[in-house]
Amino acid sequence: MDGPVVGGPGGGPSARVLREHLVAARLAGPVATPREKNLTSYRLFAARDPRFTLGVEPDRAWSEGDVLRLMAGRCGVCADPAHRSGGDAIDPDRTLRALDAFAERLGAAAARRAPVLFGTGHPHRLLDFYGALADAMSAAGCPVLTPAQGRCVDITTRFGLRTYNLAYVRGVAFMQKPQVEGAGCEPGAHTHSPLPVRVVLGAAAEAGGPLPELVVGDHGWVCGAGQLGIEAIGPADTDDPAVFVAEAEGKVSVAVPLDDGVRSDDYLPLTRYVLNRACLSP
């Protein structure tokens, strides 16, 4: 997996150096997501709970055991169903292979100057990661789409139906709670729903503007776009089985296994690695 160490402005780390960073930052290797949470997610996905399907409509029935076996193969979590509590892990080599595939798809879209949409349900953690990718794609001549700016979206949460506003920063879509007069600007809301990407795509179609040829995102953004037949790539944690099922069924092109809840600065080496591999480094 190792490659040359690339130095200078915009250069990316080698695969060996990035692998070390993935483990040190707990993006891969032993991760913070507990085993109990993973297994609960697999069980509820198998039951087709919409909070865990993220907009994916599976082509076949998936049992909890099926999901566990898939996640062991795609992520490297423990395959033993008797392991019910404690820690779990992501295989960093699987993460690296997926990042290479992610970069390949991004580079191919850049080469043909394809319209691209970026969206995240993790704006607190991943906004800068996607923002840097969006900047690079724009510089390469790709239209970075921003339909439905400010549109209200009603999303069902564990607290009931809540209304959010769709916002963009650096070309990356995310949801915000409506601003209260006198309150400071919030960085965004953590969401799993596929409704935002459906609203965005619907607004783009209604306006007669271009539709994305590639959607880059997480949670409902990647799953919702993939379910509608748009090429979609993005990262996913061990408790997001829908993204990996969608990849296995051909709805999502690349699912990158990594912890999606570490410090935002810890994703910077991944950004540099991907941009370098996609030949998009400045």
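Q: What makes the crossing of α5 past α10 right-handed?
A: α5 passes α10 in a right-handed crossing, the term for a near helix turned clockwise from the far one by less than a right angle, anticlockwise being left-handed. Both are helices in the DSSP sense (H or I runs of at least four residues, numbered from the N terminus, as are strands, E runs of at least two). This is a predicted model, in which local features need pLDDT of at least 70, side-chain atom pairs count only at pLDDT 80 or more, and totals for chains, interfaces and linings use all residues. Residues are numbered from 1 along each chain as its sequence is written, and side-chain values use heavy atoms, with hydrogens and water left out.

Q: Why are α5 and α10 called oblique to each other?
A: The axes of α5 (residues 92-111) and α10 (residues 268-277) cross at roughly 50° and come within 8 Å. Axes are lines fitted to C-alpha atoms, for helices over the stretch in contact, with angles from 0 to 180 degrees between N-to-C directions. Under 35 degrees is roughly parallel, over 145 roughly antiparallel, 65 to 115 roughly perpendicular, and the rest oblique. α5 and α10 are therefore oblique.

Q: Which residues make the contact between α5 and α10?
A: On α5 they are L96, L99, D100, F102, A103 and L106, and on α10 they are L270, Y273, V274 and R277; contact means heavy atoms within 4.5 Å. These residues divide into 8 nonpolar, no polar and 2 charged. Here Ala, Val, Leu, Ile, Met, Phe, Trp, Tyr, Cys and Pro count as nonpolar, Asp, Glu, Lys and Arg as charged, and the others, Gly among them, as polar.

Q: How do you know whether L270 is buried or exposed?
A: Its relative accessible area is 0%, so L270 is buried. Buried means under 20%, exposed over 50%, and partly exposed in between (1.4 Å probe, protein chains only). Leaving aside neighbours within four places in sequence, L270 is in contact with L18, H21, L22, L27, L99, F129 and L258.

Q: What makes T271 count as buried?
A: T271, also found in α10, has 4% relative accessibility and therefore counts as buried. Beyond neighbours within four places in sequence, T271 contacts F129, A132 and L133. In α6, F129, A132 and L133 are among the buried residues.

Q: How does the reach of α6 compare with the expected span?
A: With 17 residues (123-139), α6 reaches 22 Å from its first C-alpha to its last, close to the expected 24 Å. The expected span is 1.5 Å times one less than the number of residues.
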